[in-house]
Amino acid sequence: MREKLKTFFSSKRLLGATLKEDLFKKLIFTFFIATVVYIPISIIVDRNLAAIIVQIILIIFYSALYVLQKKIKSITGQQILYIAFCIIQNSILFPLSYLLGGGIDSGFPIIFIAGGLTTILLLDNIVLLFVILINTISFACAYLIEWFRPDIVYSFTTMGTNTYLDIGFSSIFAGIGIGFFLRILAKNFDENQEKAKELLEQIEDASTKDPLTGAYNRRYLIDYIEKCITQIESDEIKAFSILMFDLDHFKKINDTYGHLAGDDCIKNLTYILKNSLRKVDVVARYGGEEFICVLPSAEDTPAFRRAEQIRATIENTQLSEKIKKTITVSGGVAMYKPGMTVDQLIEEADANLYIAKEKGRNQIVWHNGGIPPLCYVAYDPDNLKPVQNYGRRFSDMTKI
């Protein structure tokens, strides 16, 4: 029990400053409406004028708090306002309403529940403990005054048969008020959950994606390849391959047309890679103008053909408005073999890419320069994206 109390009154705040400010506004609004509605009930049950005046003072008090809350911007100032609200309302005005409005025979004991709720929601740490103590002493004093001197309470308001009517109305309005308030809290909770989810997604994107292209970064790539290796070892997938691409003569592009044009080329290359691959495939910027694509469940033959499709698409696409000449890529293909490490797999793809560069660029290489498989592709003259055409060899149109 001691540990639970220690945790409850620990230094951690229940709510943040912004959320607490919003909560305070809703609390004031709820109490204001409830008090306005309750005044006609007080008149109906023939409550003493002094009790009605206290209720009017409460309305003025809530209105003043609303104005002050808008003017006070500092967190310290807001906290002082919350303390003043909890002490003045719960320790002064609520006990007065109780004593002047009929005591235990009225519906006013219910307001003490609302008072305790506000204190717990708005305050923290030692301040919370201190104000709860003050509220408790104040509530206890109100009960004790009635216990020892009931004549004082009855001299203001005697409920008589109106007791049931007053308690009934108080219970109904208290239930509606608390329900309405909890509904607001639930809505705020859902909204903040959504915001938190969006923020986490943004943080995750920032930590795993390249800011220029939106492709995954090297760290995510390494983790994903390791995941694929684990899936191979557990027989979740039978094979996977990687494609490594590099823009040809990229330094010359930057030197001739500027880095913004180079950035355009990299961004449009990423777009082509993403749109040429499956949703399960991963596109990552490995560094500079180098990209690696991971194709789960793909052996090297279909991986090579997909790489060749991508190469042909890039060759026939203008990657930057500033550059009219053809821009090409070279690529290397590697399939994972049992026992390989991530570095060894990437080194194999990189070695094949190097061979492609040495052999004149604008081509895809696998198996250390081995003979490539047959590739089939044709072009729509109005849309330079490749389409499958099983009746025509790719090598009939472009040199492999």
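What percentage of the 400 residues in the chain do buried residues make up? Buried residues make up 42% of them; buried means under 20% relative accessible area, exposed means over 50%, and partly exposed lies in between, with a 1.4 Å probe and protein chains only.

Before going on, please note that this is a predicted model, in which local features need pLDDT of at least 70 and side-chain atom pairs count only at pLDDT 80 or more, while totals for chains, interfaces and linings use all residues. Residues are numbered from 1 along each chain as its sequence is written, and side-chain values use heavy atoms, with hydrogens and water left out.

**Exercise 1. Describe the chain as a whole.**

Step 1: Start with the secondary structure, which comes to 13 helices and 7 strands. Helices (H or I, at least four residues) and strands (E, at least two) are DSSP runs, numbered from the N terminus.

Step 2: Turn to contacts, meaning heavy atoms within 4.5 Å. Of the contacts with a separation of 6 or more, 71% are between residues 24 or more positions apart.

Step 3: Finish with the surface. The chain exposes about 22,100 Å², and carbon and sulfur atoms supply 61% of that area. Accessible areas come from the Shrake-Rupley method with a 1.4 Å probe, and for residues only the protein chains shown count as cover.

**Exercise 2. Work out how helices H5 and H8 pack.**

Step 1: Find H5 at residues 109–122 and H8 at residues 162–208; they pack at an angle of about 20°, with axes 10 Å apart. That makes H5 roughly parallel to H8, because angles under 35 degrees count as roughly parallel, over 145 as roughly antiparallel, 65 to 115 as roughly perpendicular and the rest as oblique. Axes are lines fitted to C-alpha atoms, for helices over the stretch in contact, and angles run from 0 to 180 degrees between N-to-C directions.

Step 2: List the partners. From H5 come Ile 110, Leu 117 and Leu 121, and they meet Ser 170, Ser 171, Ala 174 and Phe 181 of H8.

Step 3: Sort these residues, and you get 5 nonpolar, 2 polar and no charged. Here Ala, Val, Leu, Ile, Met, Phe, Trp, Tyr, Cys and Pro count as nonpolar, Asp, Glu, Lys and Arg as charged, and the others, Gly among them, as polar.

**Exercise 3. Is Thr 208 buried or exposed, and what does Thr 208 touch?**

Step 1: Locate Thr 208 in helix H8.

Step 2: Its relative accessible area is 12%, so Thr 208 is buried.

Step 3: Setting aside residues up to four places away in sequence, Thr 208 touches Ala 215, Tyr 216, Asn 217 and Tyr 220.

**Exercise 4. Compare Ser 297 and Ala 298.**

Step 1: Ser 297 lies in the loop between S3 and H12, and Ala 298 is found in the loop between strand S3 (290–296) and helix H12 (300–315).

Step 2: Ser 297 is partly exposed at 48% relative accessibility, whereas Ala 298 is buried at 9%.

Step 3: Most residues other than glycine have a negative phi. Ser 297 has a positive phi near 70°.

Step 4: Neighbours within four places in sequence aside, Ala 298 is in contact with Ala 239, Phe 240, Ser 241 and Arg 278.
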